[in-house]
Amino acid sequence: MGALSLARIALACAAFGLLIPPWYGLESGFASWPGGEAAPLAVLLAGGAAWWLWPVPLILLASAPSLLAHRAEGRLLIACGAGVIAWVFLQGWAIGLPGTVWSIAAPFVGDASQPALGWGATFLLTGAVGLLSAGLAAQGRFNGDAFVSFLVVGSAALLIAFVFAPLLTILSAAAVEDGRIAPEAMLARLTAHEAWSLACVTSSLGCGVVWNTLALATLTGVLSTLLGLAFALLSARANLHLGGAFRALAILPLITPPFVVSLSLIVLFGRTGMVTEALSALFGIPRSRWIYGLPGVLLAQLLAFTPIAYLLLEGAVRQIAPSLEEAASTMGARRFTVFRTVTWPLLRPGLAAAFLLGFVESLSDFGNPLVLGGDFDVLATRIFFAIAGARHDPGRAAALALLLLGLTFGAFALQTAWLGKRRYVTVTGKGDAGVPSPLPRGLAIACGAVAFPWMAFTAIVYAIIMLGAFVHDIGRSDMTFTWRHYITAFEVEWFQGLVFRGAAWDSLFTTIEVAAISAPLTAGLGILLAWLLARQAFPGRRTLEFLAMLSFAIPGTVVGVSYIMAFNVPPLELTGTSLILIICFVFRNLPVGVRGGIAALAQIDRSLDEASATMGGGAVATLRRVILPLMRPAIIAALAYSFVHAMTAVSAVIFLVSARHNLATVYIVGRVEAGEIALAIAYSSVLILIMLAVVLGIDKLVGRAQIGRRAPAGAMQTAPVPVTA
Amino acid sequence: MPDPAIRFERVTKAFGPVRAVDAVSFDLPQGALVTLLGPSGCGKTTTLRLIAGLELPSEGRIEIEGRDVSRLAAAERRIAMVFQSYALFPHMTVLENVAYGLSVNGARRAAAEAEARAMLASLGLEGFEARLPAELSGGQQQRVAVARALVLRPQVLLFDEPLSNLDARLRRRVREDIRDLQRKLGLSVVYVTHDQQEALAVSDLVVVMRDGRIAQMGTPTELYEDPADAFVADFMGEANVIAGEVLAADGGRARLRVGGAEVEAAMRAHPVGPATLAVRPEAVTLVDAGGVPGRVARAAFLGQTREYEVETDAGMLFVIAPASAPAFAEGAAVGCRLERVIPLRG
C-alpha cells in the first residue's frame, strides 16, 4: 500500500471520528446524539464547548491540501499525526473529570472538566496513527511500505498503552502518598515488615509474604519437576504405551480453571472432607485444618503444574539422540552408568527450564492460594486484599506488585542466562537412527512408584469435580443424588420465551462473549506481530519484540492491579466495561500467539514471500494470499489458546469484573468464599466440559489443517512422481 | 543502440561491515543470456537479488531498460525470478501458482487463468493445472516456476541456480530447454550459477565475480581462452599456472623459457620478459623427449582420457590426454610439449 492511499484513508477515518461518533465516553447511551453527552467533537466545538480541542481539527486540516493534490509529504504527515495524538493526550491528562489536574493549565481553562475519551476520539486517534505511519512510509522508512509502517506504529502504540504504560502506573502508584511523590514512602513499602519478616524462624508467627511466596514457588518448582520427570521417563523410555493416558492428564490443566483442583482438595481433605471423615472414623485421627495453608496450596499447585513440567521434560527426553547413549554403551558403560553420565547431564537444561516454569507459575498463581491459603498469604493474594480488602491501600498494593514483578523477572532472567549458556544441540539435521536405551530397572521402578499413585490421585481429584455436582453436599459426605446445583446455576424456564433463570447464566454468557471476542483479536494481532518481527526489517524491531513478549512475564495479579490503576480515570477510563476485560485478555495472551506465529513462519521458506514480491505482490497481497493460508494451523492454535485462557483466567480479571460484567471464574471464586462448594463444583464441571469440547473440536480442525500442509512436503521427499512429460 | 537490459553504476550492497557487492558497474545487453558465475560468497546471488529488488543497493544506481529502479521494491519492477527452491506456493494448484502474478497485478480471475493455461500449454504442462506442486517431479516443478515467471512478460527473467535441485541427468536437458526458450522469445535473462560448465554451455556473456567485484566479463570463449588472471583461469576450467619468461611473442606463436627449457607454443602477442602463464591440462602433449622435461608422478585411466601429474622444474603440471595417445607409466621420464599458453595479467 502506498503512503498516499494510507494517508487518505487515515484522514477520512479521523474526519469520521470528528464528525459522527460521540467524542466522550458514554454513561447512559446514544439517546442524546448528536447533542448532549453523546455529541461528536464537531458539535461540541461549534457549540463553544471544549474549546481547548480546537487545535485538533486545525492540525488535521493542515494535512488535507497536499493529500488532495496527490502528494504525500512525509514531514507534514508525521507532524500532523504526532501533533494530534500528543494534543489529545496532553489535554486529556491536564483537564480531567474533577477539573484541571495540571495546575499549569488552570489559568487558561479555569475549572473546566471533561469525562473520558470515547469512540469519536478512538477513530480520530486511529486516523492520526495512520497519518503518522503514512508520513514515515513517505520518508522511505519501512522500505516505503505504508501497510507495514501502519502495523508497526499501530501495534507499538497499543502495546505501549496496554502493556507498558500500566506497568509505569504501578511504579508511580508505589511512589505516591496522599497525592504527592514520596520516595521514602516507596522505600518503606518495599522493605515493609509484612514482606520480609523472618518471624517464622524464631517464633510461631508467620513469615514475611515474600518468603512465603519464595518457599512455595521453590517447593512447587522442585516437586513438579521431579514428578514431571518420572512421567516423562516412563512415557518416553519404559515401553509401557501410556502415551494416551499421560496426554489426557496433560491436557486437563489446560482446560481447568486453575483453582478447581483446590475445590476438590477441600472436598477430600477439608475438616469435613471425605478422607478426613474416613481417617477419623477408622483410626481416630483428629480432624484438622492442615489443608488450609502451605501444604494444601502446594498440593493444588503440584496437581495443576506437574503436567506442564511433564510435557516439557518429555520433549527434552525424546530430543536426546539415542546414538549418544549407544555410543556410551558401546564403550562398555552399563545402563545405570549411561543414564548417570550421558542422559542425566543432557537433561539438565530441560530440568532447569521445567523448574523455572513451575517456579514462575507458582509465583503467578492466585486462585489456589486464595481458596486454600488460609492464613498463609502469598504476594498474589496479599496484593488482591490490599485492593479489595477492608484496608484499601493502592500504594501498598503497587509496592507488593513491584516485589512480585521483581521475582518473576528475576526468574526469567535466570532462565535466559542459564539456558543461554547451556544449550546442547542434540537435534541435528541428520537422521539419527537408533533405539533409545531403556531405563535402568531400579529407576523405572522408582518412577512408577511415584507416577502411578500420583496419576490415580489426579484421577480422583477430577472425578470429585464431576461427581460433586450431582450429589447433595459432597463437602459433608451427603452423597444422595440431586440436580439441584445444576438447577440453581443453569435453570431455564419457558415464560413467554426462553428465560435464563439460573444464577450462573449471566457470568457464563459474559465469559463466552468476552472470550469469543478477544480470541480472534489476540490471534490476529499476534500473528501480524509475528509476521512483522520475523519477516520485516525495521529500526526498533527488538524493542517491539520486547514489548510484545513483556506481558508473558507479568503475573496476572500485577496486570489486574496495574489496569485498575491506569484505566480508572480519564482520559482512558475503561473500568467497569467489558472492553477492559477484552483488552486485558488480548494483551495477556498475545505472547503465545506471537511465539506460535514466529515458529510457524520459521517453517515457511522466505523465498515464497520473495517469489510473491517479484511477481508484483505487495505486502498486503503476499500476507493475505500466501502467508496467512500457510499459517492456518498456527492461527487456529492461537485462537484456541486465547479462547481457553480467557475462559479459565482469574488472577487479572478478578480486579476488573463488575456487577454488570462478571466472569465465570470470578463468580465461582465468589461461591467458594460464600461456602457454596457444591455449586462452585457444578459450575466448574460445566466449564471444563465446554473447554474440552472447544479443545477437542479445534484439535480436529488443526489436525486436518496440519495434514493438509504436511502431506505434500512428505510426498515430495518420499515419492517423487516420475517424469512423464 | 537500445538501452542495456540492466545497467549497474558503482552499485554497492553492504551488510554491516561486509560489502557483498562492492562498487560493481556493468551493462548487460537486451535479449542475451548472461551468467553470473563465481564461488559461493562472491556476491553473485546478491547481485541477482539487487536486480530483482529483493535487496536495495546501499550505494549506486541500477537501471532496467533505461529506467532508474534503484529505490523501487521488487513488486514495482517488471522482473520475474525463478528461485533455486522454485518457491512454488504449496497451498495453490499449478494453475493458481501461474495465475498468481497476473491476479495480484489486477487481472480478472478468468483472464488470468486463461493466460496461465496458455503459458502452461506452451511449456508442455497441459493436464497438470489442477495438481499441487508437491505432486510434480522436480523437473516439472521447475517448468511451472518458469511458466509462473514468463506469464508476466518480464523485462528481465532471473534464474537463481535453477539446476541445483535436479539430478545430474536432468540438468543438461533443462539447461538446454532454458537456452532454447530464451532464444525463441528473445528474453533478457540473468542466470546465477557456481558451475562453470553450465555457464559456458548456455551463456552469451559470462560475468565472473570474486569477493563482491567483477573478476572478468566476456563471452565464454574469451573467458576460457583469454582469462584475465589466475583466479579466472582456474575457475573457468582447470589451468596450470606457472612462472616463465617470454623470449619473443608475435603473430600467434611465442618462444618461452619454462622450467629451464626453451619451448615454442601458440600464444597471443606479449611483451618480452618474465610472465605468469596459464596452461590448460588438455593443451599439453606428453612426448618421449622435447618440451619441458619432467617425470610422471601419478597416472590415472578414466576411459575417454588419461590424467597425469607431471613433476617438472616449473612445478607440478596437470595433463589430460586422449586415451588414444600413447600411455606413460608412473615414474617415466617425459617431455611436456606446451601447445597453447595463456599469458595472465598480474
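Is A:Val129 buried or exposed? In this predicted model, A:Val129 has a relative accessible area of 13% and is therefore classed as buried, the cut-off for that class being under 20%. The residue lies in helix H6 of chain A, which spans residues 119-138. When its neighbours within four places in sequence are left aside, A:Val129 is in contact with A:Ile85, A:Phe150, A:Val153 and A:Gly154. A:Ser149, which is 20 residues away from A:Val129 in sequence, stands at a C-alpha to C-alpha separation of 9.9 Å from it.

The interface between the two chains was examined next. The size of an interface is often given as the accessible area lost when the parts come together. By that description, chain B and chain A bury about 2400 Å² between them, with 64% of this area on carbon and sulfur atoms. On the side of chain B, the residues that lose the most area to chain A are B:His91, B:Tyr100 and B:Ala134, which together make up 21% of what that side buries. The contact involves 35 residues from chain B and 26 residues from chain A.

With regard to polar interactions, seven residue pairs are counted in polar contact between chain B and chain A, both residues of each pair being at pLDDT 80 or more. One salt bridge is found across the interface, and the side chains of A:Glu610 and B:Arg49 meet in a salt bridge at 2.5 Å, N to O. The elements of chain B that give two or more residues to the side touching chain A are helix H1 (44-52), strand E6 (79-82), helix H2 (94-104) and helix H4 (138-150). By class, this side of chain B comprises 20 nonpolar, nine polar and six charged residues.

Conventions:
Residues are numbered from 1 along each chain as its sequence is written. Chains are lettered from A and ligands numbered from 1 in the order in which they are written. This is a predicted model: local features need pLDDT of at least 70, side-chain atom pairs count only at pLDDT 80 or more; totals for chains, interfaces and linings use all residues. Side-chain values use heavy atoms; hydrogens and water are left out. Helices (H or I, at least four residues) and strands (E, at least two) are DSSP runs, numbered from the N terminus. Buried means under 20% relative accessible area, exposed over 50%, partly exposed in between (1.4 Å probe, protein chains only). Contact means heavy atoms within 4.5 Å. Buried area is the accessible area (1.4 Å probe) that two parts lose on being put together, summed over both. A salt bridge is a side-chain nitrogen of Lys or Arg within 4 Å of a carboxyl oxygen of Asp or Glu. A polar contact is a pair of N or O atoms within 3.5 Å; within protein, one must be able to donate a hydrogen and the other to accept it, and residues adjacent in sequence count only if both atoms are side-chain atoms. Ala, Val, Leu, Ile, Met, Phe, Trp, Tyr, Cys and Pro count as nonpolar, Asp, Glu, Lys and Arg as charged, and the others, Gly among them, as polar.
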